[in-house]
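Work through the exercises below with the sequence and the model open. Try each task before reading its solution.

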Amino acid sequence: MVDTRRATVLGSGEHRVSTVEHLLSALFGCGVTNALIEVDGPEIPAADGSAREFVAAIDAAGVAEQPLPQPRNVVREPHVFRDGDKLLAIVPAPAFRVRMTIDFPPPVGSQYVDYDSRSAEYRTAVAPNRTFGFRHEVEALLARGLAMGGSLDNAIVFDADGPMSPLRAADEPGRHKVLDLIGDFALLGAYPQCEVIAIKSGHALHFEAVRSLVDRASVAVSAG
Ligand SMILES: [Zn+2]
């Protein structure tokens, strides 16, 4: 991981691939821990702004069971990370769970999404939910000559009245933030056995938490 300001960029030597977070989220959500992905270009395609097409591709390729235990990062005590009014708490739990609170100006507003990996199906509860933005942001980008690549095709855009195209879920923005968080925690390289309580958090705070979990070296190999 070499840059995390807006999207997640993975790098090795002089090579860079950006916008990997939705693909990593799809892999994690589908239980894939080992995959060869060939990329010909500087970034992963945005597709429709969600993880749905990646999940479809994973399901089309199929998943093979391998006889190797999946490493687990077992969180044994609470950790809290803060940045202004953004907060991320990681607490011990029997399985990976995300409780996400977002708080944006209207019409998005506050949303709370509880994703428990034991009971919720990633493919339907998380994967279809798209990136979102605000019309004034899109117009500012366009004014600076930075198009979002057909923004209404790969993001939900909100104007003052609401979404400019139909939502896939009433709380689609909150669910997309769960999708993003899962993609960031996939960089742990091990199953995060913990509950993540996220309030207005974003990539930067997620990476701080993931780095801390790696540094604590509490990774245990188990057959789970
Ligand atoms: Zn995203």
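**Exercise 1. The chain as a whole**

Task: State how many helices and strands the protein chain has, and what share of its residues is buried.

Solution: This is a predicted model. Step one is the secondary structure: the protein chain holds 7 helices and 13 strands. Step two is burial: of the 224 residues, 45% are buried. Step three is the surface, where the chain exposes about 11800 Å², with 53% of that supplied by carbon and sulfur atoms. Step four concerns contacts between residues at least 6 apart in sequence: 71% of them join residues at least 24 apart.

**Exercise 2. The zinc site**

Task: Which residues coordinate the zinc ion, and is the site tetrahedral or irregular?

Solution: Begin with the donors. The zinc ion is coordinated by NE2 of His22, NE2 of His176 and two OD atoms of Asp180, at 2.0 to 2.7 Å. Written along the chain, the donors have the spacing H-x153-H-x3-D.

Histidine 176 and aspartate 180 are 4 residues apart in helix H6, so about one helical turn separates them. Histidine 176 is buried, because its relative accessibility is 2% and the cut-off for buried is under 20%. Aspartate 180 is buried as well, at 9%.

Finally, check the angles. Four donors count as tetrahedral if all angles lie between 85 and 135 degrees. Here the angles among the 4 donor atoms run from 52 to 149 degrees, and the site is irregular. For comparison, the ideal angle for four tetrahedral donors is 109.5 degrees.

**Exercise 3. Salt bridges**

Task: How many salt bridges are there, and which parts of the chain does the pair of arginine 130 and glutamate 172 tie together?

Solution: The count comes to 13 salt bridges. In one of them, the side chains of arginine 130 and glutamate 172 meet with N and O 2.8 Å apart. Arginine 130 lies in the loop between helix H3 (122-125) and strand S8 (132-134), while glutamate 172 lies in helix H6 (residues 172-185), so the pair ties together parts that are 42 residues apart in sequence. Now apply the burial cut-off to both partners. Arginine 130 is buried at 8% relative accessibility, and glutamate 172 is buried at 0%.

Take a second pair, glutamate 139 and arginine 135, whose closest N and O atoms are 3.1 Å apart. These two are 4 residues apart in helix H4 (residues 135-143), so about one helical turn lies between them. Glutamate 139 is partly exposed at 43%, and arginine 135 is partly exposed at 37%. Elsewhere, salt bridges with shared partners join Arg97, Asp114, Asp116 and Arg118 into one network.

Aspartate 48 is buried at 8% relative accessibility, whereas arginine 52 is partly exposed at 42%.

**Exercise 4. Surroundings of histidine 79**

Task: Is histidine 79 buried or exposed, and which residues is it in contact with, leaving aside neighbours within four places in sequence?

Solution: First locate the residue: histidine 79 is part of strand S4 (residues 79-83). Its relative accessible area is 8%, so histidine 79 is buried. Then look at its side chain, which reaches the backbone oxygen of glutamate 77 at 3.3 Å. Last, with neighbours within four places set aside, histidine 79 is in contact with Leu88, Ala89, Ile90, Leu213 and Arg216.

How values were computed: Residues numbered from 1 in each chain as written. Predicted model: local features only at pLDDT ≥ 70, side-chain atom pairs only at ≥ 80, totals over all residues. Heavy atoms only, no water. Salt bridge = Lys/Arg side-chain N within 4 Å of Asp/Glu carboxyl O. Buried < 20%, exposed > 50% of the residue type's maximum accessible area, 1.4 Å probe, protein only. Polar contact = N/O pair within 3.5 Å; in protein donor to acceptor, adjacent residues only side chain to side chain. Contact = heavy atoms within 4.5 Å. Areas by Shrake-Rupley, 256 points an atom, 1.4 Å probe, with all protein chains shown as cover. Donors = N, O, S within 2.8 Å, 3.2 Å for Na, K, Ca; no water. Tetrahedral: all angles 85-135°; square planar, octahedral: opposite > 155°, others 65-115°.
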